[in-house]
Amino acid sequence: MVNLLNFNQQQLAQWFAERGEKPFRAKQLMRWMHHFGVTDFEQMTDIAKSLREKLAVEAEISLPTVQLERVSNDGTRKWLIGADTANSIETVFIPEDDRGTLCISSQVGCALECTFCSTGRQGFNRNLSVAEIIGQLAIANQSLRLEAGYDLLPAGERIISNVVMMGMGEPLANYDNVVTAMQIMLDDSAYGLSRRRVTLSTSGLVPAMDRLKEDCPVALAVSLHAPNDALRDVIVPINKKYPLKALMAACNRYLEKAPRDFVTFEYVMLDGVNDTVEHAHQLLELVKNVSCKFNLIPFNPFPGSGYGTSKQSHIQVFRDILMQAGYVVTVRKTRGEDIDAACGQLAGVVLDKTNRTTKRIPIEAIT
Ligand code: SAH
Ligand code: SF4
């Protein structure tokens, strides 16, 4: 059975064409699946009964299963979602006054081994399918809509206004599925989000950044975390393959097509590792030719990480140096900590398939 959640509108039109059906069926199906959240073909009343029956034989609309939903004291919500019997991933909703942001996972685990990231420490199992990526948005949408007391949201109203590809995994390492899922997010027949409201965060896979700029240029966040190659080689090891000079050049190329006129640099604040006055000055030197903003993320600890969170006063000094140089700097508020939903705390359940250089932390110690 083919799961229609794996297709964007163009692919669905192609699938219908191969079966002698009109391409506009794709638009109808996208609306039913994504806009109205309907998974039963029988309920799709503007589709002829004969076609509905044909669809039921050949296809399905199958969402991943929710294993657990938790709500934090601050309103942050986390879903543990089953990818298959061995693995699960996590999705987080962060409500704010002016927006509602959904943080979506792209892989079961991550192969990139950043030393301060619990997902990275867990190892890697597999890429998520398009249905599993877009299914996170569908599940969250449905749950939040029912929670707000609506069968259907009033026209123009959105509970999830923004999506960030910042959950488990490196989105650009699962390029095709992530791009297809983002195309569905942007599709007016599906979720209709603007490119400015979908942000992809990458640790800096340079060739894939160049492809993304052509295929689906959404807002870009880059996990920098260190102002020089020597340090970044250690804490973000992919830097050995794509060092800072190449990364900065890729950011500038991306800006030619980006929906915003800046790249957001994420910088996790690790006590005594990357948070000194000297690091701040090096950072200014590094980015001087790139139009950017900074998002400083206080490190969220997890057992056995070996790192501590920078002192509040150090974060302030670091921020002020960047601000005095004229940059916009935000310090990320930690949300959902009580339910382990904060940045870098997403662990899910990952059956590791790699031979890690660092010893894997038992899942029980993390979740
Ligand atoms: N793989 C992508 C996206 C997922 S991680 C990337 O690395 O960009 C989303 C953000 O959370 C990244 O900036 C990541 O470096 C950061 N992060 C990871 N572990 C963290 C931790 N323990 N505390 C705070 N931020 C963390
Ligand atoms: Fe992977 Fe991002 Fe974690 Fe690095 S920070 S290990 S790239 S999820």
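This is a predicted model: local features need pLDDT of at least 70, side-chain atom pairs count only at pLDDT 80 or more; totals for chains, interfaces and linings use all residues.
Residues are numbered from 1 along each chain as its sequence is written, chains are lettered from A and ligands numbered from 1 in the order in which they are written, and side-chain values use heavy atoms, with hydrogens and water left out.

Contact (heavy atoms within 4.5 Å) links 14 residues of domain 1 with 14 residues of domain 2. About 1,200 Å² is buried between them, 50% of it from carbon and sulfur atoms; this is the accessible area (1.4 Å probe) that the two parts lose on being put together, summed over both. As for salt bridges (a side-chain nitrogen of Lys or Arg within 4 Å of a carboxyl oxygen of Asp or Glu), the count between the domains is 0.

On the domain 1 side, the elements giving two or more residues to the face that touches domain 2 are helix 1 (9-17) and helix 2 (24-35), helices being DSSP runs of H or I, at least four residues, numbered from the N terminus. Helix 2 supplies the largest share, 5 residues.

Turning to ligand 2, its surroundings (residues with a heavy atom within 4 Å) are Cys 110, Leu 112, Glu 113, Cys 114, Cys 117, Gly 120, Gly 169, Glu 170 and Ser 203.
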